Amino acid sequence: MPPRTTIASKSRAKSKAQSSSRLRSKGRAGRSESAGVRILSSGRDKLAGKWFEKLVALQARLRAPKGCPWDREQTHESLRKFLIEETYEVLDAMEKGDSREFSSELGDLLLQIIFHSILAEETGRFTISDVIESVHTKMVRRHPHVFGKVKAKNSADVLKNWEQIKAEERAESHAEEGKAQGAGEPTASILAGVPRSLPAVLEAYQLTRRASHVGFDWDKLSDIFDKFDEEKRELEALLPNPPGFDASAQEAPSAAAIPRAEEEVGDLLFAAVNIARFLGVDPELALKKANRKFKRRFGNMEAAAASEGRRFAELPRERKEELWNLAKLAEDGGESKARKIAKVANTR
């Protein structure tokens, strides 16, 4: 690998050539829409630029000969898990409301973007400048109501325009790759850009969100609740015993019915995702919070059992339910009431 100074000098020339080539391949629309757009830079922007430059140089130094052995061993593939982890750590910090931690975690996420860009630069694929120029051009192109002559009365119009522009971009990219559209062949779907690698809940959310932006959506929330009930009944119909029996009487679907049960469970979850989206709630974040809440309450139950000198697994079902209710009461601000219930329960 060449020394850092050589990387820097070569990458500037390479970046200019690659950026010029890449812009040509993106078509005239992107250039014409961004041409003439004047965006003033503030003192904040200039300071950010200086620190960003230092951070890019620092990461390149870590990858250079005599740099960090760990950094030099990394690849795009080995860094995948860190990119995902840092994203969720940003979300956790955001939820906690700690500004210092939030800022720090955003920095860690930014470092991942720079790291991947440095790796790509070393193989001549693209540079960090290409990454920034790409998103800058994209944002100008996708905001014609700000930088162009398109009118948008509200955010719904903005989102509708956004999805239409993205669909046009995908069609242009399709054409540039030499895949000419045949007669009668549908144009690129607005759903085509939703990655299949997304977690299932997030994928369902993105699919239905995009569809809603072009007018394919439920009229009212009650309709989705009706659909949810319909899917629940279809799932119940697959069970050997009707719901309502005690746990010992319940039976799982037969082996032959498992594929159908999987489909119906999927439909039920898909309906639940639609309910969340219609309410303006991100289902992935909502489920994450529910997971943490369950984990916290379960930990409180285990601690309560330990305080009684017993293992939670050995408690009778009734006592487990009591401890669960106590944990819920404590979280809902009913600590004093929970203590009274616990005192009564402990006398049994």
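Predicted model: local features only at pLDDT ≥ 70, side-chain atom pairs only at ≥ 80, totals over all residues.
Local features need pLDDT of at least 70, side-chain atom pairs count only at pLDDT 80 or more, and totals for chains, interfaces and linings use all residues. Residues are numbered from 1 along each chain as its sequence is written, and side-chain values use heavy atoms, without hydrogens and water.

**View A. Glu86, a buried residue without a salt bridge.** Glu86 sits in helix H5, residues 80-96 (helices are DSSP runs of H or I, at least four residues, numbered from the N terminus). Buried means under 20% relative accessible area, exposed over 50%, with a 1.4 Å probe and protein chains only. A salt bridge puts a side-chain nitrogen of Lys or Arg within 4 Å of a carboxyl oxygen of Asp or Glu. The nearest side chain of opposite charge, Lys81, is 11 Å away. Leaving out residues up to four places away in sequence, Glu86 touches Glu105, Asp108, Leu109 and Gln112 (contact: heavy atoms within 4.5 Å).

**View B. Lys66, a loop residue with positive phi.** Lys66 lies between helix H3 (43-63) and helix H4 (69-73). Its phi is near 65°. Most residues other than glycine have a negative phi. Lys66 is exposed, at 81% relative accessible area.

**View C. A nonpolar surface patch.** Ile39, Val146 and Phe147 make this patch of about 270 Å². Patch residues have over 30% relative accessible area and no salt bridge, with nonpolar side chains joined within 5 Å. Val146 belongs to helix H8, residues 144-147, and is exposed at 51%.

**View D. Glu262 and Leu235.** Glu262 is in helix H12, residues 258-278. Its relative accessibility is 63%, so Glu262 counts as exposed. Leu235 is 27 residues from Glu262 in sequence and 9.1 Å away, C-alpha to C-alpha.

Technical notes: Helix = DSSP H or I, 4+ residues; strand = E, 2+ residues; numbered from the N terminus. Lys, Arg positive; Asp, Glu negative; His and termini not counted. Patch = residues over 30% accessible without salt bridge, like charges linked within 9 Å, V, L, I, M, F, W, Y side chains within 5 Å. Areas by Shrake-Rupley, 256 points an atom, 1.4 Å probe, with all protein chains shown as cover.
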